[in-house]
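Dear colleague,

Please find the structure below, followed by a summary of what was found in it.

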Amino acid sequence: MTPRNQIGIPTVVRVKPGALDRLGVYLRRQGHRRVVLVMSEGLVPDLAERAERSLARGGAEAVERFEASDPSFEAVAALLAGLGGDRQAVIGLGGGKALDVAKYLASLAKLPYYAVPTSLSNDGFCSPQSSLTLAGRRRSFAAALPFAVVVDTEVALGAPESLWWSGVGDLVAKVTAVFDWKLAFHARGEPVNDFAALLSDATVHQFLSHPERNPDGVRRLALALMLNGIAMEVCGSSRPASGSEHLISHALDAVSARPRLHGLQVGVASYICSRLQGQGTELIAGAFDRTGFWDGVRADPFSRREWLDAAREAPRIKPDRYTVLSTRDVVPEVTRMIEEDPRLHGCFAG
Ligand SMILES: [Zn+2]
């Protein structure tokens with residue numbers, strides 16, 4: 001963990017219904033007129049058109065337009081090499097891959113970045129990293145946080161419910177991530193940034209005060225995920241947002257025939273890790289009961305065998321990251337949980 005001399009946090013935050021149609025106004029106010037637009041491949045055409053109309057109304061122009069079909073370091077480097085010299089901002093519109101590409105492109109080009117997620121399936125839209133492949137292998141690259149976060153809550157509410165559950169899972173994971181950080185302090189003396197830990201913890205409770213899938217709940221989820229990204233920026237580490245549950249999810253991505261949505265994997269892993277940690281279980285389970293998260297998992301159950309492989313492999317994903325998985329061989333406990341925990345009933349097959 002490297003303490004920062006200087007951190008960059010978003011200057012413009014607009015999280016409300018109709019924000020997509022006001023994007024051009026937000027750009028004009030900042031004097032950003034010649035922009036680069038990076039969109040998800042296969043983005044709903046209506047959303048792309050609304051964004052373009054909004055830019056035109058605000059007097060801004062997308063002088064370059066890309067579909068982020070290849071979320072790789074190499075693709076971003078090629079985009080950077082071809083970028084015109086008078087661009088004033090980069091906009092990322094759509095889902096995870098487009099936002100990772102846009103964020104890293106803006107970061108390398110040192111241009112202000114507008115994150116415009118159309119769903120809230122994870123905390124990546126405002127985190128200080130981009131997940132890209134390099135020579136075919138997935139890696140995390142340090143990136144500046146967005147200059148602007150623009151979330152149209154009506155648009156996010158219209159996204160499939162599985163993406164909402166994924167966002168809930170990635171948020172609730174902070175309960176186990178923060179506890180792992182404290183374990184690392186006690187076991188290894190790894191310093192905890194109290195402010196970042198408190199901020200991360202507070203976002204979960206703030207969302208859980210009313211975790212309903214309605215415009216207000218979507219707004220709370222967006223702000224909570226955003227503040228988690230800021231917690232990471234504050235301490236210069238992913239510790240406040242990512243612990244043992246993320247290690248299991250990363251291991252699953254590697255061993256699974258068909259990895260599921262990030263937040264669905266992370267959410268179930270967080271529940272399991274909370275039981276290993278002996279804390280936070282009721283909070284996490286309550287959040288999942290109230291949001292219907294379990295139904296989202298049971299609709300397409302995980303492979304029991306892949307999860308046990310992932311639990312075994314997880315500590316090797318980041319050997320220097322001390323978590324509850326470092327304290328003992330957890331595979332026998334996880335095996336029992338998958339078989340016996342009533343809440344996990346129907347979440348696993350095979
Ligand atoms: Zn995550």
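**Cavities and sheet**

The largest cavity holds about 50 Å³ of space. A cavity here is a set of points on a 1 Å grid over the protein atoms alone where a 1.4 Å probe fits but cannot get out, and lining residues have an atom within 4 Å of a point; grid points are joined across faces, edges and corners, and the volume is the space filled by probe spheres set on the points. By this rule there are three cavities of 30 Å³ or more.

This is a predicted model, in which local features need pLDDT of at least 70 and side-chain atom pairs count only at pLDDT 80 or more, while totals for chains, interfaces and linings use all residues. Residues are numbered from 1 along each chain as its sequence is written, and side-chain values use heavy atoms, leaving out hydrogens and water.

Among the residues lining the largest cavity are Leu163, Trp164, Arg213 and Val218. Helix H6 (161–172) and helix H9 (215–235) each supply at least two residues of this lining. Helices (H or I, at least four residues) and strands (E, at least two) are DSSP runs, numbered from the N terminus.

Six strands form an open sheet in the order S1-S8-S5-S4-S2-S3, with parallel pairing; two strands pair if DSSP finds at least two bridges between them. Strand S1 (12–16) and strand S3 (61–68) are the edge strands, each pairing on one side only. S1 runs parallel to strand S8 (residues 148–152), joined by five bridges, and Val12 stands opposite Ala148 in S8.

Yours sincerely

Conventions. 1 Å grid on protein atoms, 1.4 Å probe; cavity = no way out; pocket = protein on both sides within 12 Å on 5 of 7 lines; lining within 4 Å.
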